[in-house]
Amino acid sequence: MSRAMKDRLIWAVTFLVMLIICLPGLWVVLSAFRTNGEILTKPAVWIPQNLTLDNFRAIFGLGENVLAIPVGSYFLNSLVISVTSTVLAVMIGMSGGYAFARHRFPGKSGAFLWLMLSRTVPGIALSLPLFILWSWIGLIDTKLGVIVVYTAINVPFTVWLTEGFFRQVPRDLSEAAQIDGCTPWQAFWKVEFPLARSGIASAGIFAFLTSWNEYALASQLTRSTDSKTLPVGLMDFTAQFTIDWAGMCAMAVIIIIPALILTFLVQKHLIAGLTFGGVKG
Amino acid sequence: MAEVTLRKIVKNYGALEVVHGIDLDIAHNEFVVLVGPSGCGKSTTLRMIAGLEEVSGGEIAIGGRVVNTLPPRARNISMVFQNYALYPHMTVRENLGFSLKIAGRPPAEIEKATDEAAAILGLADYMDRTPGELSGGQRQRVAMGRAIVRHPDVFLFDEPLSNLDAKLRTQMRVEIKKLHQKVKTTIVYVTHDQVEAMTLADRIVIMKDGHIVQTGTPLEVFERPANTFVATFIGSPPMNLVDGVVAGGEVRFAGDASLPVPPAFRGRVQEGQRVTYGFRADNLMPAGHAMTGIGETADIDLTIALAEPLGAETILLSELAGVEIQGKMYNPRAVAAGERLSCLLALDHAHLFDAETGASLRT
Amino acid sequence: MTRLRRYARDHAVPLALLSPAVLVILLVVLLPLLFSFYTSFSNYRLIRPDSLWDWVGFRNYLRVLGDGDFWSAFGRTVLFLTVALNLEMLLGLGLALMVNRITWGQRTMRTIMMFPMMFSPILVGFQFKYLFNDTIGLVNNALQSLGLASEPIPFLVDRWLAFAAIAFAEIWMSTSIFAILILAGLFAMPKDPIEAARVDGCSNWQVFRHITLPFLMPFIYIAMTIRSLDVARAYDIVDVMTGGGPAGRTELLWTLIARTAYDDARMGRANAMAYFSILLSIFFTWFFFRKLMAARRHLGAF
Ligand SMILES: Nc1ncnc2c1ncn2[C@@H]1O[C@H](COP(=O)(O)OP(=O)(O)OP(=O)(O)O)[C@@H](O)[C@H]1O
Ligand SMILES: [Mg+2]
C-alpha cells in the first residue's frame, strides 16, 4: 500500500471514530427539538418532520403543556452550588498547592498521597455516612450541604494541578519581588499568581465540571427543589409512569451547554494542566 | 553611608551547618567579590545579607543598622539573580518600574527613573518588549537596570554572568565595572570564576567549605596567597606546587632537583622542614626569553613534554620531581616535544607553604 | 508534645497554607468515614435510629463475605473495570496515534476528542439508554430499517448485552482522557531518539515498541491514575441505564451498596460493603500511581 493510501485510510478510520463520538450527542440534541409523538412512532421516522422548541418551553414552564419538573430551579441550584464550591475549592486548593510547591516540611510526600487518596473514595460510599451526619446537623437537602461536600472532593485534584503549575514558576521571581519591596503576600498576587493563572483556571474548570456533573452524592443529599441539581433532576423523568424522552433530551442539552462552553474556552490549558501536574518531576 | 558588616555569621539547615561563623567588613561604596568553589556557601551568605535566608547565628548590619530580622523589602538592597528572575508577564518598562510602583511613587517619577536606568544600560529600544523577546545579554541588562532604579544602599549579585557565553561575559564584565563607577554603591558580588573576581573586585573574599580563607585586593591574593588553596584557585594556569625538604638554603625535591629558598622566606624556615614550593607559570621562562629586571633568579633545565602556543605566549608543560609543572615562553618560537630548555625561575615570585597545612610560610 | 509544638513552629507557614485543605477533607471525608467504619460494626438501620448502638462486631462483614449477590457484584465490578480500563487504554492509544499522523483537520479532531470529557456520567447513561432502547432506540431502529434485525434486540435486558452496553457507555465516556493525554505525550516527544533508532535500522514496529511506547508510559499512567480516581462514576451510568437490574443482572458493587443502604435501609451492612469498594478504588489508584512514579524516574534517562 502506498503511503498516501495509508494516510487516507487512517484519516477515514479516525473520521469514523469521531462520528461514533459525536453521533450519540447529536442524536440527543436533535431529539430535543422533536415531538415525543415522532420519537415514539413505529417504524422509525428518520427525517424530522417538524422541529419545535416546545420541549424547552415546557421545561421552563412557558408553553401550554407545563412539565411537573422545575428545571429552572434545578438549573439555578446547580449553578449556585457549582460556582460556589469551585471558587472555594480553587482558593483552598491554591493555598495547599502553593505549600506543596514552595515549602519543605517533613511528611510532605505522605501528606500529598493521603490528600490524593481521599479523592478515591467512591461517591456512593461517602454518601452513606454523609447522609446520616448531614441529617443530624440539618445540612441535608440544603445547598450549603452540597457545596461543602463538593468543595472537599474537589480540593485534592485542585491541589495537584496548582502544585504542578506553581512548581513551574521559578522560586527566585518571588524573591526578586520581595527584594523589590513586596511583602510575601504582594509577591504572590503580583508575580506568582499571574504566572500560574492558566493552570489555576484549568483547575477551576475541572472543579466546576466535577460539581456540575456529579450525581452519586447529590442524589442522596438532596431532596427537594431547594437543593436538587440538574443531574438529579434528570432522574425525575424516569420516575414517571411513561418516560418523556423528548423532555429528557431537552434537559440533557441544558446540562451540557455550560460545560461545553467552558471547556472550549480553555481547552488548551486543560491538557497542559493535566500533563504538567503529572509528568514533570 | 552603607557599609555592610557580618559578625560571626552562621547558617544551618537542620543539623547541617553550611556557613561557619563568617566575619566580614565591607566599606561604603566598596566592590567586594565572594569567590570560591561550588557549594562553599557564597550564595547562602549573599542570601542572608539579602534577607532571603534566615540567619542562624551572628549579626548582619547594613549602614550601622542590624537587619537580622528585617524582611528583604526593609533592607534597601537590590539583587541580580543568576537566572535574571525577570517578571515574564511584564514588559521591560514594567520590570524596571516595578519596585517604585510597589513603593507607591507617582507615575511621573517612575517614568523618569526607568528612563534614566534604561539610558545608562542602553535599553531604550527594548522598553516595550517582554523578557521572552530579549537575548541573554539584554535580559542581563534589564536585571541590572531593575536593580539600579531604586538607588539601593547595597547591590547584591549572584553569579550574574554565568549564563552568558564567553564573549558576552567579558563584555558584561566591563559594563558592570563601568556601572559601579557611574552609580557609586556598595556591591557584593558572588562568582566562582576567578577571572571575574580579579577584574571586578576592589577586594576579593575567598571562601571554602563555609569559611573565609583569605581577604584582600586582587593583587594581594594573587601575589601573596595565604595557602595552597588560594594559590591554585586564583590565577590561571594554577600555581605549580612541588613538595620538598629544606636543606641548607635550598629546597630539595625527589630525585636530585633543588631550588633556592625564595628571598622572602629566608630565615622563616628550618633545616629539614617539609614544605611545598610554589611558583606561577608566568615566572618560569626559558633563558633568553626572560624579561629584564625580574630580580633574583634560579636556573632549571627542563625537558618539554608539550607546548601550547597561544599566540603572544606559549605555555610549556614539563615535569619537576615527578610533578607536572607549567612555564611560559614570551616572544615565542616553535618548540618541539622532547626539546631540552634551560629556564629561569623568578625567585621574588616564588612561595613556600607548609607541607602539612598548606598555609603560607610568609608570616 | 514538645516535638509536635516545635514542628508546628518550624513549619508554621506551610501548615497554615495547608490547613484549610486538611480541615475540609477531615470534615467531609475522614470524619464521615470514621463514622461509617463504626456503623459497619453495628446493626444500624435507617428506620430504627437507636439501632446505631446495636454493636454486632464482625457480623456485617461475615454476612457480606458469605453473600453470593455481593460476590457476583464484586466479580462483575472487577471484570467491568478490567475490560473497560484496558479497552480505553488501547483505544485511546490507537486514537492518539492516528490523530497524531493526521495533518488535515487535526485541530478539529482534537477538539471533538475532548467532547465526551464534559459529559456528566448521568448524561452518558441517559444518552445510551435512549440509543439502546429496544422500542425507540437509534440502534434498534437502524438495525430494523436496514433489515439486519427483524425483532428488537433487548440491549438493556439481556445479561451480557446489558453488560456490553454499559461497558460501551463507560468506554465512550473515558477513552478520550487516554487519547488526549497520550496525544499530549506524542506532541512532547523529542524527535532525536526516533531518528537515531531509524538510522540504527529499526523497523517502524521496533521504533514504536522500544522508543515511542516507553516515552508514552508516564502519560498512560497519568491517565490511568486520573481514571482510577473516579472509576466509581460508573455507578451513575448503571443507575440510569439499568438501575442494576433487571433482577440484579447488571449490579455493580456501587449499585448494590446504594440498594442495600437506601432501599433495604441496612446502613451497617452497606457500610461494610462500602469499605470493600473503597479498598478497591484505593488499590487501583495506588497501583497506577506507583507505576507513574516508576515510569517518571525511568523517563529521566531521556
Ligand atoms: N535549602 C538547603 N537545605 C540544605 N542544604 C542546603 C540548602 N541550600 C544550600 N544548601 C547547602 O549549602 C551549601 C552551600 O550552598 P550555596 O548555594 O551557598 O553554595 P554556592 O557557594 O553558592 O555554590 P554555587 O557556586 O554552586 O552556587 C551547599 O553544600 C548546599 O548543598
Ligand atoms: Mg550559588
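**Where chain A meets chain B**

Guide: Let's start with a count: chain A and chain B have seven residue pairs in polar contact, both partners at pLDDT 80 or more. Helix H8 (171–179) and helix H9 (184–213) of chain A each put at least two residues into the side that touches chain B. H8(A) has the largest share of that side, seven residues. Sorted by class, the side holds nine nonpolar, four polar and four charged residues.

Visitor: Before we go on, what kind of model is this?

Guide: A predicted one: local features need pLDDT of at least 70, side-chain atom pairs count only at pLDDT 80 or more, and totals for chains, interfaces and linings use all residues. Residues are numbered from 1 along each chain as its sequence is written, chains are lettered from A and ligands numbered from 1 in the order written, and side-chain values use heavy atoms, with hydrogens and water left out.

Visitor: What makes a residue pair a "polar contact"?

Guide: A pair of N or O atoms within 3.5 Å; within protein, one must be able to donate a hydrogen and the other to accept it, and sequence neighbours count only if both atoms are side-chain atoms. Seven residue pairs between chain A and chain B pass.

Visitor: Why is the pairing of B:Arg47 and A:Glu175 called a salt bridge?

Guide: The rule wants a side-chain nitrogen of Lys or Arg within 4 Å of a carboxyl oxygen of Asp or Glu. In B:Arg47 and A:Glu175 the closest N and O atoms are 2.7 Å apart, so the pair qualifies.

Visitor: How do you know how much area chain A and chain B bury?

Guide: You take the accessible area (1.4 Å probe) that two parts lose on being put together, summed over both. For chain A and chain B that gives about 1,600 Å², 67% of it on carbon and sulfur atoms. A:Glu175, A:Ile179 and A:Asp180 lose the most area on the chain A side, together 41% of what that side buries.

**Chain C and its partner**

Visitor: Which chains share the most contacts?

Guide: Chains A and C, out of the two pairs in contact. Contact means heavy atoms within 4.5 Å, and here 87 residues of chain C are in contact with 90 residues of chain A. The two bury about 8,200 Å² between them, 81% of it on carbon and sulfur atoms.

Visitor: What holds for salt bridges between chain C and chain A?

Guide: The rule finds one. The side chains of C:Arg101 and A:Asp7 come together at 2.5 Å, N to O, so they meet the cut-off. Helix H2 (residues 12–39) of chain C gives the most to its side, with 15 residues. That side of chain C has 67 nonpolar, 14 polar and six charged residues.

Visitor: What makes a residue "nonpolar" in that tally?

Guide: Ala, Val, Leu, Ile, Met, Phe, Trp, Tyr, Cys and Pro count as nonpolar, Asp, Glu, Lys and Arg as charged, and the others, Gly among them, as polar.

**Helices and domains**

Visitor: How many helices and strands does chain C have?

Guide: 13 helices and zero strands. Helices (H or I, at least four residues) and strands (E, at least two) are DSSP runs, numbered from the N terminus.

Visitor: How do you know what span to expect for helix H4 of chain C?

Guide: The expected span is 1.5 Å times one less than the number of residues. H4 (residues 68–101) has 34 residues and reaches 49 Å from its first C-alpha to its last, close to the expected 50 Å. At its start, a side-chain oxygen of C:Asp67 comes within 3.0 Å of the backbone nitrogen of C:Asp69.

Visitor: What are the domains of chain A?

Guide: Domain 1 (3–59) and domain 2 (71–279), with bounds from an automatic or database domain assignment. Their centres, taken over C-alpha atoms, are 31 Å apart. Each domain gives 12 residues to the contact. The two domains bury about 870 Å² between them, 81% of it on carbon and sulfur atoms. Domain 1 and domain 2 of chain A have zero salt bridges between them and zero residue pairs in polar contact, both at pLDDT 80 or more.
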